[in-house]
Amino acid sequence: MSTTTAAGAGPGVGDQAPAFSMEASGGRTVALADMKGKAFVLYFYPKADTPGCTKEACGFNETLAAFEAAGITIIGVSRDPVKKLDAFAEKYGLTFPLASDADGSVTEAYGVWVEKTLYGKTHMGIERSTYLIDAQGKVAAVWRKVKVDGHVDAVMEKARSL
């Protein structure tokens, strides 16, 4: 898909979360329909096994027990193929699902597939973003253009308020 999505587009707080169903690491499938009645974090990252994405994934993994105690499931999403996600999960001991948005429909629906500039060249890519979805399937919080440092703690703080 080559559709350009304006930065900041996508669902906002109070909106119904766009439906999704994706293959994920560990032979799993993640789908909005399966999350009915459960709150969850859907975080989007550019590319598995890169420094920032690794730090973010490990941060969520390190606090997974606290999220689970608060009744929150964590799901990471990139456009990487499942094989690469399995290798990433195995390398860092990541136990939550890493979903493959292979066709790009989910990253586009959530407005995180955006034009980016790197070294003066523009290209399309995933804007590091996080959505906190409540048990009713509504967006409870959105973080766009995420900076990794301190992000997991900010999400945890908001998740505890659900």
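Figure 1. Buried means under 20% relative accessible area, exposed means over 50%, and partly exposed lies in between, for a 1.4 Å probe and protein chains only. Lysine 84, at 29%, counts as partly exposed. A salt bridge here is a side-chain nitrogen of Lys or Arg within 4 Å of a carboxyl oxygen of Asp or Glu. The model is predicted: local features need pLDDT of at least 70, side-chain atom pairs count only at pLDDT 80 or more, and totals for chains, interfaces and linings use all residues. Residues are numbered from 1 along each chain as its sequence is written, and side-chain values use heavy atoms, with hydrogens and water left out.

**Figure 2. Glutamate 56 and arginine 128 form a salt bridge.** Side chains of opposite charge can pair when their charged atoms come close. The closest N and O atoms of glutamate 56 and arginine 128 are 2.8 Å apart. Glutamate 56 belongs to helix H1 (residues 51–62) and arginine 128 to the loop between strands S7 (121–126) and S8 (129–133), so the pair ties together parts that are 72 residues apart in sequence. Helices (H or I, at least four residues) and strands (E, at least two) are DSSP runs, numbered from the N terminus. Both partners are buried: glutamate 56 has a relative accessibility of 1%, and arginine 128 has 14%. The structure holds six salt bridges.

**Figure 3. Glutamate 127 forms a salt bridge with arginine 144.** The closest N and O atoms of this pair are 2.6 Å apart. Glutamate 127 lies in the loop between S7 and S8, while arginine 144 lies in the loop between strand S9 (139–143) and helix H5 (151–160), so the bridge ties together parts that are 17 residues apart in sequence. Glutamate 127 is buried at 7% relative accessibility, whereas arginine 144 is partly exposed at 23%.

**Figure 4. Helix H5 has a buried side and an exposed face.** An α-helix has 3.6 residues a turn, so residues three or four places apart point the same way. In H5 the buried residues are His151, Val152, Val155, Met156 and Ala159. They cover an arc of only 135 degrees around the axis, which puts them on the same side of H5; the arc is that of the directions from the helix axis to the C-beta atoms. The face turned away from this buried side carries the exposed residues Asp153, Glu157 and Arg160. The buried residues pack against strand S3 (39–44), H1, helix H2 (64–69), strand S4 (72–78), S8 and S9. Contact means heavy atoms within 4.5 Å.

**Figure 5. Tyrosine 43 and phenylalanine 60 are an aromatic pair.** Ten aromatic pairs are found in a search of the whole structure. The pair of tyrosine 43 and phenylalanine 60 is stacked, at 4.6 Å centre to centre and 25 degrees between the planes. Tyrosine 43 is in strand S3 and phenylalanine 60 in helix H1, so the pair ties together parts that are 17 residues apart in sequence. Rings of Phe, Tyr and Trp (its six-membered ring) pair if their centres lie within 6.5 Å; planes under 30 degrees apart count as stacked, over 60 as edge-to-face and the rest as tilted. Tyrosine 43 is buried at 0% relative accessibility, and phenylalanine 60 is buried at 0%. Ring pairs link Tyr43, Tyr45, Phe60, Phe67, Phe88, Tyr92 and Phe96 into a cluster.

**Figure 6. Arginine 79 has its charged end over the ring of tryptophan 113.** The charged end is 3.4 Å from the ring centre. A charge sits over a ring if NZ of Lys or CZ of Arg is within 6 Å of the ring centre and within 35 degrees of the ring normal.

**Figure 7. Glutamate 23 is found in strand S1 (residues 21–24).** Glutamate 23 is exposed, with a relative accessible area of 56%. Not counting residues up to four places away in sequence, glutamate 23 touches Arg28, Thr29, Val82, Leu98, Ala99 and Ser100. The C-alpha atoms of glutamate 23 and aspartate 101 are separated by 7.8 Å, although the two residues are 78 residues apart along the chain.
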